Amino acid sequence: MERRFKVYVYSEGDLPVAHDGPCKNIYSTEGRFIHEMEQGQGRFRTTEGESAHIYFMPFSVTWMVKYLYKPNSNDQNPLRRYVADYGPHASEGNPFLYKNSIRVLCNANSTEGFNPQKDVTLPEIHLLTGDTPEELVTPPPFDAPRKYLGFFAGGLHGPIRPVLLKHWKGRDKDLPVYEYLPKDLNQTYHSFMLNSKFCLCPSGYEVASPRVVEAIYAECVPVILSENYVLPFSDVLKWDAFSIKVEVSDIPRLKEILSAVPEEKYRKLKEGLQVVKKHFELNQPAKRFDVFHMLLHSIWLRRLNFRVVHSA
């Protein structure tokens with residue numbers, strides 16, 4: 001792929017929606033990918049459309065929502081019109097593009113139109129300052145004891161988190177679960193992760209959660225509490241080698257399930273985290289095997305899975 005794959009980036013479109021994206025928030029991956037394609041080393045980019053394998057429409061869904069969508073209106077027409085004019089819910093604005101484009105989406109929900117045969121999951125990576133939080137850059141030594149069995153703190157939204165908090169909020173000192181971290185604690189959110197064996201990653205409004213990647217950075221085994229989420233790079237990564245999937249119906253048994261993980265298996269899961277961590281890192285400039293290259297590899301594979309269906 002590295003030697004052959006060529007991407008043509010459309011020059012059409014105006015700032016801020018096109019040719020830009022968020023680089024310092026929960027959707028940092030989107031902005032960093034756009035910036036790398038537009039301003040990076042250029043190894044994959046070609047200015048010759050005839051030699052391209054794919055054609056990239058560099059508009060930001062995050063900025064579309066920010067600048068084109070009226071909050072609480074439920075009116076998606078401005079988003080659809082923009083996509084229909086430019087080129088892919090928002091991509092449904094142009095049925096031809098919806099059917100024939102490879103969409104790279106954070107909300108990779110298989111019940112909401114995400115097709116894992118042709119679409120690509122964009123992992124959510126929350127970089128508040130644009131860089132990986134310092135606490136997560138160097139996690140504790142492999143054999144360092146971790147005080148907590150598991151941990152979660154986050155807003156009460158979506159259908160799964162209320163179930164988690166109902167059963168575990170304030171119930172067990174070995175499994176601290178908060179809606180939000182109390183301000184009088186002497187620990188930060190990331191320090192809890194670094195001191196926990198397992199990090200609970202429930203879906204919120206969307207199936208994706210930035211906690212998954214944060215947990216990987218912290219070498220805290222992610223516990224996936226989600227339904228219909230197509231995990232990032234699952235066509236090449238064995239998620240069961242570095243994470244645990246727990247059904248929503250089994251949330252009342254969380255402590256029992258996590259406590260029953262044998263020490264040998266837990267160590268194998270941690271070893272798996274150390275192996276895959278590089279695939280979820282954002283680098284400037286991009287480096288081999290990092291998240292930018294993993295996304296391109298996923299796109300490279302998807303282009304082999306379907307043929308363009310021309311409209312009548």
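Predicted model: local features only at pLDDT ≥ 70, side-chain atom pairs only at ≥ 80, totals over all residues.
Helices here are DSSP runs of H or I with at least four residues, numbered from the N terminus.

Rolling a probe the size of a water molecule over the atoms shows where empty space is left. Two helices, α1 (28–39) and α11 (291–302), each supply at least two residues of the lining of the largest cavity. Of the elements, α1 gives the most, with four residues. Among the residues that line this cavity are T29, R32, F33 and E36, along with V291, F292 and L295.

The second largest pocket is lined by 22 residues, and those nearest its centre are I26, H126, P210, R211 and E214. Here α7 (189–194) and α8 (211–217) each bring at least two residues to the lining.

| Space | Volume | Lining by class |
|---|---|---|
| Largest cavity | about 80 Å³ | six nonpolar, three polar, three charged residues |
| Second largest pocket | about 510 Å³ | eight nonpolar, seven polar, seven charged residues |

Is strand β6 (residues 148–153) buried or exposed? Six of its six residues are buried, so β6 is largely enclosed by the rest of the structure.

Strand β6 has parallel neighbours. Three bridges join β6 to β8 (residues 196–202), and the two run parallel; F151 stands opposite C199 in β8. Two bridges link β6 to β7 (residues 177–178), also in parallel, with V177 of β7 as the bridge partner of F152. Finally, β6, helix α6 (residues 161–168) and β7 together form a right-handed β-α-β unit.

Terms used
Residues numbered from 1 in each chain as written. Heavy atoms only, no water. 1 Å grid on protein atoms, 1.4 Å probe; cavity = no way out; pocket = protein on both sides within 12 Å on 5 of 7 lines; lining within 4 Å. Points joined across faces, edges and corners; volume = space filled by probe spheres on them. Nonpolar A, V, L, I, M, F, W, Y, C, P; charged D, E, K, R; others polar. Buried < 20%, exposed > 50% of the residue type's maximum accessible area, 1.4 Å probe, protein only. Pairing = 2+ DSSP bridges. Right-handed = clockwise from strand over helix to strand, strands pointing away.
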